[in-house]
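Hi everyone, thanks for coming.

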Amino acid sequence: MNADLRDFLARLAGAIVMTLVPVVLVTFLSMPMSLGRHPGEPLPEAQAAGRHMT
């Protein structure tokens, strides 16, 4: 592989990783806060199902 191509691909991979890391961190750290629980946990028994008030 050409040295210039290798350097380009290394920089491209670094830019992609540096872009995706903050997105992944924000997503997986904010999901439990917005849901009030972790995504895999069962719903608490105290929460009633949503009802339509007419």
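Let me begin with a question: does His38 count as buried, partly exposed or exposed, and why? His38 counts as partly exposed, because its relative accessibility is 45%. Please keep in mind that this is a predicted model.

Where does His38 sit? You'll find His38 in the segment after α1. Between His38 and Phe28 there are 10 residues of chain separation, and their C-alpha atoms lie 9.5 Å apart.

Now for the helix itself. The protein has one helix and zero strands. That helix, α1, covers residues 3-35. With its 33 residues, α1 spans 48 Å from first C-alpha to last, close to the 48 Å expected at 1.5 Å a residue.

Next, the surface. Of the 54 residues in the protein, 2% are buried.

Which residues make the nonpolar surface patch of about 900 Å²? They are Met1, Leu5, Phe8, Leu9, Leu12, Ile16, Leu20, Val24 and Phe28. An α-helix has 3.6 residues a turn, so residues three or four places apart point the same way.

Leu9 belongs to α1, and it counts as partly exposed because its relative accessibility is 37%. Met1, on the other hand, is in the segment before α1. Met1 counts as exposed because its relative accessible area is 66%. What does Met1 touch, leaving aside residues up to four places away in sequence? Met1 is in contact with Arg6 and Leu9, and Leu9 is also one of the patch residues.

That's my tour; I'm happy to go back to any part of it with you.

How values were computed: Residues numbered from 1 in each chain as written. Predicted model: local features only at pLDDT ≥ 70, side-chain atom pairs only at ≥ 80, totals over all residues. Heavy atoms only, no water. Patch = residues over 30% accessible without salt bridge, like charges linked within 9 Å, V, L, I, M, F, W, Y side chains within 5 Å. Areas by Shrake-Rupley, 256 points an atom, 1.4 Å probe, with all protein chains shown as cover. Salt bridge = Lys/Arg side-chain N within 4 Å of Asp/Glu carboxyl O. Helix = DSSP H or I, 4+ residues; strand = E, 2+ residues; numbered from the N terminus. Buried < 20%, exposed > 50% of the residue type's maximum accessible area, 1.4 Å probe, protein only. Expected span 1.5 Å × (residues − 1). Contact = heavy atoms within 4.5 Å.
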